[in-house]
Amino acid sequence: MSAIEKISFDQTGLLRFITAGSVDDGKSTLIGRLLHDSKSIFEDQLTSITNTTRKRGMQGVDLSLLTDGLQAEREQGITIDVAYRYFATPKRKFIIADTPGHEQYTRNMVTGASTANLAIILIDARKGVLTQSRRHAYLASLVGIPHLVVAVNKMDLVDYSQPVFEKICQDFAAFAEKLNLRNIEYIPMSALNGDMVVERGDQLNWYQGSTLIDLLENVSIEDDINHEDFRFPVQWVCRPQTKELHDFRGYMGRIESGSIHVGDNITVLPSGLTSRIKEIILYEGPINEAIAPQSVTLTIEDHLDISRGDVLVKTGETPRVTKAFDAMLCWLSEQPLDPNRKYLIKQSTRMVKAVISRIDYRVDVNTMAHEATNTLKMNDIAHVGLKVQQPLVCDDYARNRSTGCFIVIDESSNNTVAAGMISPAEE
Amino acid sequence: MNNPPFTHLDALESEAIHIMREVAAECANPVLLFSGGKDSIVLLRLAEKAFRPGRFPFPLMHIDTEHNFPEVIEFRDQRVKELGERLIVRSMEDSIKKGRVVLRSENQSRNAFQSVTLLDAIAEFKFDACIGGARRDEEKARAKERIFSFRDEFGQWDPKNQRPELWDIYNTRTHPGENIRVFPISNWTELDVWEYIAREKLEVPRIYFAHQRAVIRRAAGLLPVSHLVQPQEGEKMEQMIVRFRTVGDMSCTCPVESDAANVEEIIAETAMTRITERGATRMDDQTSDASMELRKKEGYF
């Protein structure tokens with residue numbers, strides 16, 4: 001097999017998005033509509049929800065029932081966690097992280113948002129931009145979602161009024177200016193009637209922009225990955241030690257960002273040792289160049305002591321290697337932060353002991369105001385200082401979403417208690 | 001030279017390889033569950049991509065209901081031989097003999113009881129992670145499943161008490177006796193699996209392809225006639241052209257009418273199909289809205 005010269009991202013075929021909003025905003029109806037109109041609902045699912053709609057004494061088909069998951073939720077008529085849905089059009093495959101919009105569920109939205117390329121924020125046209133919408137926008141910007149769609153829903157209940165839509169756009173834009181959100185699109189729609197979701201409908205002729213599905217199919221996600229900085233955290237060292245491969249030593253992992261070419265000079269962090277790339281190997285055979293997010297095996301020219309947790313970077317492009325850094329932390333656990341305790345941090349492929357040495361402030365997610373605090377409770381978001389026992393290779397989250405993040409683990413319960421995003425170094 | 005695009009299958013594949021390597025590196029004693037079905041066939045190819053030229057850093061295991069289609073068992077053994085990896089088989093018959101499983105009748109579906117044999121095997125070998133081929137699109141209880149799904153020391157899944165899973169940083173830590181079920185192809189759909197089988201030119205058991213089979217109509221589906229399923233009064237045995245979309249317990253896995261005789265035709269059929277995989281093929285999932293959720297809570301995969 002001939003070596004693949006270079007892979008292009010021209011047809012990136014997988015888009016992950018989240019929907020933020022409450023049941024009242026018509027979120028479940030919107031997801032149901034997307035699945036239904038893109039013909040991703042199966043007959044047995046439709047039969048099942050038709051029966052349930054009748055059982056509950058209602059008429060027709062309640063598309064919101066499609067996203068009902070667990071028994072507890074069906075009994076209580078609520079959504080308690082992140083659920084994943086899948087659909088495809090001829091252009092793209094989509095993964096929806098369906099997150100509930102209640103006040104206490106910051107943690108679910110952050111979880112769902114962490115892997116998303118795009119967020120849809122639902123706004124009820126009758127109610128306009130609410131505290132909740134601002135919270136969703138803030139969380140989307142905190143987690144660094146590259147694309148945002150503001151879906152102004154229930155336009156049928158405001159007579160499909162253009163001035164109502166424009167007022168909401170202005171209000172949202174005024175608020176979003178203060179956040180790190182660049183790519184925002186606004187769409188008026190009625191998920192209930194299907195206007196501007198998959199079909200344009202005939203009620204919103206004053207609106208010239210894309211339907212939601214057009215936008216989802218065509219938004220360019222090529223630059224959502226950092227293509228500049230080569231980062232290769234070593235996951236696994238392959239040493240078959242067979243007769244034919246006696247000296248083979250392959251470093252296995254996924255390229256988190258950037259690209260690498262055979263012959264490139266590399267530096268191993270945190271040790272600082274240097275070498276050159278000898279081979280880039282796929283199961284199918286050797287290749288000359290590989291790019292994020294490919295999983296590959298690398299071999300190097302020299303015998304160096306490299307193990308899991310080390311990061312290969314290009315020589316001369318060395319990031320920060322440090323035992324102290326600042327971060328935004330989202331506390332996820334019912335057990336509050338104990339500043340006196342040691343926690344574990346997992347970042348890339350490295351696990352280290354850590355203490356949260358400082359809490360600078362907590363953010364009120366409704367007003368963005370900073371508040372003083374000496375502990376963190378579930379759903380709190382705060383700016384903190386951390387100290388770790390072993391040095392970490394630190395990228396700023398804003399520059400590199402895949403290596404700038406970490407999770408915090410409680411050593412005694414083994415639970416994941418917080419999510420962290422590394423802040424730029426102090427000048 | 002034209003550059004091949006990085007397709008959705010490439011993205012899903014790279015994610016799955018990354019997950020498998022995390023398990024190998026961080027779990028003390030993992031195992032990969034291989035049934036001979038299409039999803040676990042895909043897992044084996046992903047394991048080859050993750051670890052070759054090395055050996056797999058875990059054994060394979062099959063929980064045998066002894067209600068399996070003979071073609072599938074034959075295929076399972078053939079595939080393991082080609083790979084040169086180690087296969088552990090634990091049989092439900094042993095659990096029945098030990099009195100761990102009590103069946104109402106010999107021919108009753110054994111799907112639900114697999115959990116007992118699986119949990120016994122986990123205890124026997126002290127496995128702390130089981131890699132499986134479950135997908136989130138299969139069933140609504142699965143839609144809320146994590147990629148690393150934590151089980152307590154009774155093997156139970158508590159949907160309200162799952163670890164949040166952020167980015168692709170996986171928390172693999174367990175206390176002794178607990179274990180994690182890992183699903184590298186969580187984000188794949190039935191169609192993705194078939195497209196991958198086509199792309200990788202993977203072999204699958206021949207009962208996935210259209211063939212003539214004796215069946216009876218029962219409830220809303222077809223059931224294959226075998227030593228476990230015989231026509232009851234009022235039921236008529238028919239010869240039909242069918243194929244299986246899943247391969248499970250012979251007493252409750254229903255074939256669908258189909259002419260799809262090769263992988264390409266299955267892809268075309270899957271892209272057009274209007275009924276979910278489990279809705280069409282599993283009688284045990286149709287008993288209530290929450291069947292899968294209840295079985296999962298008890299330790300089912």
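Analyst: pLDDT is the predictor's confidence in each residue, from 0 to 100. This is a predicted model. For chain B the mean pLDDT is 85. Of its residues, 85% reach 70 or more. The predictor gives the complex an ipTM of 0.90. The pTM is 0.90.

Start with the helices. Two packed helices are described by the angle between their axes and the distance between the axes. In chain B, helix α1 covers residues 8-26 and helix α2 covers residues 38-51. They pack at an angle of about 70°, and their axes lie 9 Å apart. Angles of 65 to 115 degrees count as roughly perpendicular, so α1(B) and α2(B) are roughly perpendicular to each other. From α1(B), the residues in the contact are E13(B), A16(B), I17(B), M20(B) and R21(B). From α2(B), they are L46(B), A47(B), K49(B) and A50(B). By class, this contact holds six nonpolar and three charged residues, with no polar ones.

Next, the sheet. Chain B has an open sheet of four strands, in the order β8-β7-β9-β10, with antiparallel pairing. Strands β8 (221-224) and β10 (256-257) of chain B stand at the edges. Each has a single partner strand, so one side of each is left without a neighbour in the sheet. Strand β7 of chain B spans residues 211-218, and β9 spans residues 238-243. These two pair in the antiparallel sense over five bridges. Within β9(B), M240(B) stands opposite R213(B).

Now the partner chain. I409(A) sits in strand β21 (residues 405-409) of chain A. Its contacts include two residues of chain B, N171(B) and R173(B). On the chain A side, Y343(A), L344(A), K346(A), N414(A), N415(A), T416(A) and V417(A) are also in contact with I409(A), leaving aside neighbours within four places in sequence. Is I409(A) buried or exposed? I409(A) is buried, because 23 other C-beta atoms lie within 10 Å and the cut-off is 20 or more. K353(A) is 56 residues from I409(A) along the chain, with 9.5 Å between their C-alpha atoms.

T416(A) and V417(A), both in contact with I409(A), fall in strand β22 (residues 416-422) of chain A. Five bridges join β22(A) to β16(A), and the two run antiparallel. In β20(A), I381(A) is the bridge partner of C330(A).

Definitions and conventions:
Residues numbered from 1 in each chain as written. Chains lettered and ligands numbered in written order. Predicted model: local features only at pLDDT ≥ 70, side-chain atom pairs only at ≥ 80, totals over all residues. Axes fitted to C-alpha atoms, helices over the stretch in contact; angles between N-to-C directions. Parallel < 35°, antiparallel > 145°, perpendicular 65-115°, else oblique. Contact = placed C-beta atoms within 7 Å. Nonpolar A, V, L, I, M, F, W, Y, C, P; charged D, E, K, R; others polar. Pairing = 2+ DSSP bridges. Buried ≥ 20, exposed ≤ 12 C-beta atoms within 10 Å, placed from the backbone.
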